[in-house]
Amino acid sequence: MILGIGIDIIHLSRIKALLTRKPTSLLHFSKRILSDGELKEFNIFLSNQKKNLISANNLSQNNSKQDKIMINNNIIKYLAVRWTLKEAAYKALFPHYRLTWKDISISKIKEKPYLMIHNVSQKGNNNIKVHSSVSHDEKYVISQVLIESITC
């Protein structure tokens, strides 16, 4: 039985504006929407982005610039995908369950997003199956989530 379908779309410029508002915006935003496991993965992702930036600059810039995190399109899309997937999952389960940002973890399995919804069993249902899809271009990210209840 289908519990719900959710969809969300976001303009990447909106995420960019949130991330560049203050020097600490990236840290606050990522801590707010990412689960603990996702935050660890994101820190590795950021580290790789920083390495790519340093190698692209051939270490010719001064050291203070290399220590800063440049918010590029890869970082914006990474966070926007997670934002839209979590929003779509929330919409798919509402009003049956009221999820928080941290109740949903997203990982990739065979290049497809995999959503793990935590604490649903505490709220009365531990037999759910989540289907998701994401698409993005240079300006937008859109995600759709379908959640079904599996009855034995």
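Analyst: The questions below treat the chain as a whole and then some of its parts. This is a predicted model, in which local features need pLDDT of at least 70 and side-chain atom pairs count only at pLDDT 80 or more, while totals for chains, interfaces and linings use all residues. Residues are numbered from 1 along each chain as its sequence is written, and side-chain values use heavy atoms, with hydrogens and water left out.

User: What makes up the protein chain in terms of helices and strands?

Analyst: The protein chain has five helices and five strands. Helices (H or I, at least four residues) and strands (E, at least two) are DSSP runs, numbered from the N terminus. From that end the order is β-α-α-α-α-α-β-β-β-β.

User: Why are α1 and α5 called roughly perpendicular?

Analyst: The axes of helix α1 (residues 12-19) and helix α5 (residues 73-93) come within 10 Å and cross at roughly 110°. Angles of 65 to 115 degrees count as roughly perpendicular, under 35 as roughly parallel, over 145 as roughly antiparallel and the rest as oblique. The two helices, α1 and α5, are therefore roughly perpendicular to each other.

User: Which residues make the contact between α1 and α5?

Analyst: From α1 come L12, R14, I15, K16 and L19, and from α5 come I76, K77, L79, A80 and W83. Contact means heavy atoms within 4.5 Å. These residues divide into seven nonpolar, no polar and three charged. Here Ala, Val, Leu, Ile, Met, Phe, Trp, Tyr, Cys and Pro count as nonpolar, Asp, Glu, Lys and Arg as charged, and the others, Gly among them, as polar.

User: How do you know whether S132 is buried or exposed?

Analyst: S132, in strand β4 (residues 128-136), has a relative accessibility of 8%. Buried means under 20% relative accessible area, exposed over 50% and partly exposed in between (1.4 Å probe, protein chains only). S132 therefore counts as buried. Not counting residues up to four places away in sequence, S132 touches L85, K112, P113, L115, Q144 and V145. A polar atom of its side chain lies 3.1 Å from the backbone oxygen of P113.

User: Why does Y140 count as partly exposed?

Analyst: Y140, in strand β5 (residues 140-149), counts as partly exposed because its relative accessibility is 38%. The C-alpha atoms of Y140 and H11 are separated by 4.6 Å, although these residues are 129 residues apart along the chain.

User: What percentage of the residues in the protein chain is buried?

Analyst: Buried residues make up 36% of the 152 residues.

Conventions. Axes fitted to C-alpha atoms, helices over the stretch in contact; angles between N-to-C directions. Polar contact = N/O pair within 3.5 Å; in protein donor to acceptor, adjacent residues only side chain to side chain.
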